Amino acid sequence: MVVLAKGELEQIALPAAVQKAAVPLADVPEVDLAAAGGGDVRGREAVARAVVAACEGHGFFKVTGEGVPTELLARVEDAAAAFFALPQLEKEAATATAAAAAPGSPFGYGSKRIGSNGDLGWVEYLLFGVTAAGTAALSVPGEEASSLPPISDSLRDLLDEYIVAVRAMACEVLGLMAEGLGLEERDVFARLVLDKESDSMLRVNHYPPRPELKQSAAGPHGRLTGFGEHTDPQIISVLRSNDTSGLEISLRDGSWAAVPPDRNSFFVNVGDALQVLTNGRFRSVRHRVMVSSLRPRVSVIFFGGPPPQERLAPLPSLVEEDGGRRRYREFTWREYKASAYRTKLAENRLCHFETAAHD
Ligand SMILES: O=C(O)CCC(=O)C(=O)O
Ligand SMILES: [Fe+2]
């Protein structure tokens with residue numbers, strides 16, 4: 001359960017005007033990775049082109065045929081649901097131990113507070129760092145992963161297995177992006193995520209069913225903010241969820257569209273770092289989760305990030321294709337993260353790194 005202090009539910013509920021607006025279904029492009037892996041060069045080129053078109057469009061697409069065993073996915077989902085069904089105090093023990101081991105660490109269990117800038121959502125979550133070996137860690141990257149109660153060994157083992165599979169898939173997709181863009185260095189994006197210092201993360205979100213809401217909060221049919229609107233700061237995010245809806249993406253005209261859930265597919269987001277590397281050609285998609293369902297939503301997201309010291313800047317060949325206009329200044333991932341985490345979720349975090357039009 002998500003436990004709320006008095007008044008917090010009202011803060012999570014949307015203003016009445018926004019709730020009434022019907023959200024249409026998003027037209028999400030679908031990419032079949034199986035068609036890219038069979039040795040058929042033309043087929044692979046077509047998939048690479050489709051990936052690039054999707055990244056330039058919504059910055060969001062669906063991936064099938066990726067070869068992650070469905071049985072592993074079902075077990076991850078069950079183990080995550082079992083963790084979130086534990087008594088509140090047991091779940092909080094995970095955070096307490098992680099915080100004691102590394103003060104200020106964002107990793108561990110969290111409930112309804114997202115980040116440290118006052119963002120609230122109808123969500124509880126587990127956040128892990130990802131080690132070079134592809135294991136889920138509650139300690140900061142580079143430190144020894146600690147085995148903490150009450151995250152059972154079985155959940156840990158499943159998440160480790162999942163991370164290895166999902167990271168490989170993310171890197172295949174990143175390779176297709178580079179191919180589709182005609183870049184010479186095919187691993188220019190994937191090598192950042194595969195680097196042993198890569199700052200990647202895994203988040204398991206649980207959105208409990210919508211509570212009975214009083215008129216004063218979100219109304220009888222109201223929607224709550226599960227995860228407020230934001231863009232993901234990293235290079236790529238790969239999301240999988242159960243059958244419960246809630247995810248919405250922002251379209252280029254600023255309107256919102258609901259993503260129909262599909263437990264048999266992965267959803268890929270372009271992150272801020274990839275928008276920068278592609279000089280703005282790929283779009284870091286703004287998204288949010290709204291809770292209106294009476295069924296819980298469980299989602300697992302892999303965030304592929306670069307090493308902290310990595311210098312990020314638009315790739316020269318893409319700047320050239322853009323008439324020589326360099327849209328972002330160079331910065332390190334450490335610098336970007338520090339800047340992004342100082343702000344509220346909904347803020348445009350990339351604008352601080354944009355160059356002026358005449359640069
Ligand atoms: O839980 C979801 O479905 C999406 C959450 C999200 O956008 C995030 O954790 O960055
Ligand atoms: Fe996100």
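In this predicted model, the shell around ligand 1 comprises five nonpolar, four polar and two charged residues. The residues concerned are Arg203, Asn205, Phe227, Asp232, Leu239, Ser241, Leu247, His287, Val289, Ser299 and Ile301. At least two residues of this shell are supplied by each of the strands β6 (201-207), β8 (236-241), β12 (287-291) and β13 (297-304).

Strand β12 also belongs to an open sheet of four strands, in which the order is β7-β12-β9-β10 and the pairing is antiparallel. The edges of this sheet are formed by β7 (224-230) and β10 (256-258), each of which pairs on one side only, and neighbouring strands are turned against each other by 25° on average, direction ignored. Within the sheet, three bridges connect β9 (residues 247-250) with β10 in the antiparallel sense, and Ala257 in β10 is the residue opposite Ile249.

Strand β6, which contributes to the ligand shell, is paired with β4 in the antiparallel sense through six bridges, Val204 in β6 being the bridge partner of Leu126. Of the 12 residues of β4 (residues 119-130), 10 are buried, so this strand is largely enclosed by the rest of the structure. Strand β3 (residues 108-114) likewise runs antiparallel to β4 and is joined to it by six bridges, with Gly110 standing opposite Tyr125 in β4; four residues lie between the two strands of this hairpin, where Gly115 adopts a positive phi near 70°. A further antiparallel pairing, over two bridges, links β4 to β5 (residues 136-137), and here Gly129 has Ala137 in β5 as its bridge partner. The hairpin of β4 and β5 has five residues between the strands, and Gly134 in the turn shows a positive phi of about 90°.

Methods. Residues are numbered from 1 along each chain as its sequence is written. Chains are lettered from A and ligands numbered from 1 in the order in which they are written. This is a predicted model: local features need pLDDT of at least 70, side-chain atom pairs count only at pLDDT 80 or more; totals for chains, interfaces and linings use all residues. A residue is near a molecule or strand if its C-beta atom, placed from the backbone, lies within 6 Å of it. Ala, Val, Leu, Ile, Met, Phe, Trp, Tyr, Cys and Pro count as nonpolar, Asp, Glu, Lys and Arg as charged, and the others, Gly among them, as polar. Two strands pair if DSSP finds at least two bridges between them. Axes are lines fitted to C-alpha atoms, for helices over the stretch in contact, and angles run from 0 to 180 degrees between N-to-C directions. A residue is buried if 20 or more other C-beta atoms lie within 10 Å of its own, exposed if 12 or fewer, and partly exposed in between; C-beta atoms are placed from the backbone.
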